Every structure is written in C-alpha cells, then in structure tokens.
Amino acid sequence: MYESRAYEFYNPRLASLKPVEGTVKRGAMLPYHLKAEDTAQANGVKNPLVLDAAALKEGKKYYDIYCGVCHGQKLDGNGPLYKGGDGPYPAAPASFLAGKVLGYTEGRIFHVITYGYNVMGSYASQLDIEQRWKVVGYIKSMQNGGKAPEAAPAAPADSAATAATPAPAVAAAH
C-alpha cells in the first residue's frame with residue numbers, strides 16, 4: 001500500500017453526469033405527475049403540507065412577489081399591472097375572493113400555478129413544488145377568512161396508496 005496508484009475521486013466526467021431520471025432528492029417532495037390537460041384530475045389533489053403560521057407567512061411572501069402584481073395584494077384581481085383597467089395590462093386577472101376561482105380546489109389552484117391558464121403563464125420555474133403549495137395554502141386561508149385551511153383527512157394505515165407514496169409533512173419554513 002505504500003505505493004498505491006493515485007485515484008481521482010472527483011472525476012470531472014463523473015461530476016458532470018445528471019442523476020438518473022425519476023430520482024427524487026432525499027427529503028424532497030415527490031414530483032407532480034399530472035399533465036397540463038389533466039385539469040379534472042387536479043381537482044382531487046390535496047395539499048400534502050401541514051401548514052402552520054410560519055408556512056402561511058412564507059406563502060404570503062411568495063404570493064406577494066409572484067402573484068400580487070396581477071391578482072392584487074388583497075386577492076381581488078386588481079394588482080398594479082391592472083389598476084382597475086388603467087394599468088398596462090388590459091385584461092382583468094381573476095379574483096380569488098369572488099367568481100369561479102373562489103370554488104377552485106387546492107389541487108386546481110396548484111395545477112394553474114404549475115401550468116398556467118389562459119393568458120397566465122406557468123410559475124413552475126419560479127416556485128418549487130413546496131413553495132407553490134404554500135402559496136395555495138395562503139390563498140385558501142384568505143378565502144377562509146384568514147384561517148389555515150383544514151388538513152386533508154388521513155388515509156387508513158392499511159391503504160396501499162399511503163404505503164407507496166407517503167407525503168412529507170412540512171411544519172415550518174426554511
């Protein structure tokens with residue numbers, strides 16, 4: 001062993017390889033597998049996060065940065081880009097407090113944030129899955145009078161779906 005051959009552990013060729021497709025980082029949420037056209041299936045998707053006050057505050061922060069400019073800080077569809085029709089954006093964004101969007105499920109709102117809808121583009125590249133769910137939780141809490149959305153009912157312990165894909169519970173912001 002006194003004359004062992006040198007070994008390059010951090011080989012540049014190996015370091016540039018991408019992970020195997022479908023690999024999920026340890027501790028990360030599972031990827032969102034619905035396609036853009038699966039809007040009906042999105043209605044049944046529940047928020048996998050357990051949201052506390054800190055997570056809702058983080059959701060509000062992301063909403064203010066990415067959504068409030070169009071949908072308004074009050075979720076009324078009257079953000080700075082619309083300004084009641086006087087802003088640079090001619091079409092009124094959806095209000096989260098009235099109309100059909102008020103009836104959207106958590107999964108449907110998440111789906112719209114992920115893929116976009118009508119003239120609204122996707123925000124999947126700006127917000128990761130966990131951040132999008134926090135925004136959804138904030139929107140639902142505001143629709144619910146500022147109260148945190150109710151947690152999804154727990155599936156029975158012997159459920160095959162629960163055993164196959166457990167969803168991580170995130171209690172606090174990073």
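Because nine of the ten residues of α4 are buried, the helix is largely enclosed by the rest of the structure. Helices here are DSSP runs of H or I with at least four residues, strands are runs of E with at least two, and both are numbered from the N terminus.

Following α4 comes G116, which has a positive phi near 85 degrees.

A side-chain oxygen of D128 reaches to within 3.1 Å of the backbone nitrogen of E130 at the start of α5. The helix α5 has 15 residues and reaches 21 Å from its first C-alpha to its last, close to the 21 Å expected at 1.5 Å a residue, the expected span being 1.5 Å times one less than the number of residues. Of the 15 residues of α5, 14 are buried, so this helix is largely enclosed by the rest of the structure.

In the loop between α5 (129-143) and α6 (160-164) lies N144, which is partly exposed at a relative accessible area of 35%. N144 and L97 are 47 residues apart in sequence, while their C-alpha atoms are 9.5 Å apart in space. Just after α5, G145 takes a positive phi of about 75 degrees.

Most residues other than glycine have a negative phi. L75, in the loop between α3 and α4, has a positive phi near 65 degrees although it is not a glycine, and this residue counts as buried at 0% relative accessibility. N118, found in the loop between α4 and α5, likewise is a residue other than glycine with a positive phi, near 55 degrees, but N118 is exposed, with a relative accessible area of 67%.

## The second largest pocket

About 550 Å³ of space lies in the second largest pocket, a volume being the space filled by probe spheres set on grid points that are joined across faces, edges and corners. On a 1 Å grid over the protein atoms alone, a pocket is an open set of points where a 1.4 Å probe fits, with protein on both sides within 12 Å along at least five of seven lines, and lining residues have an atom within 4 Å of a point.

The lining of this pocket consists of 24 residues, with H71, P93, A94, Y117 and M120 lying nearest its centre. By class, 20 of the lining residues are nonpolar, three are polar and one is charged; Ala, Val, Leu, Ile, Met, Phe, Trp, Tyr, Cys and Pro count as nonpolar, Asp, Glu, Lys and Arg as charged, and the others, Gly among them, as polar. At least two lining residues come from each of α3 (53-71) and α4 (106-115), and α3 gives the largest share, five residues.

## The chain as a whole

The protein chain has six helices and zero strands, and buried residues make up 32% of its 174 residues. Among contacts with a separation of 6 or more, 57% are between residues 24 or more positions apart.

## Basis of the values

Residues are numbered from 1 along each chain as its sequence is written, and side-chain values use heavy atoms, with hydrogens and water left out. In this predicted model, local features need pLDDT of at least 70 and side-chain atom pairs count only at pLDDT 80 or more, whereas totals for chains, interfaces and linings use all residues.

Technical notes. Buried means under 20% relative accessible area, exposed over 50%, partly exposed in between (1.4 Å probe, protein chains only). A polar contact is a pair of N or O atoms within 3.5 Å; within protein, one must be able to donate a hydrogen and the other to accept it, and residues adjacent in sequence count only if both atoms are side-chain atoms. Contact means heavy atoms within 4.5 Å.
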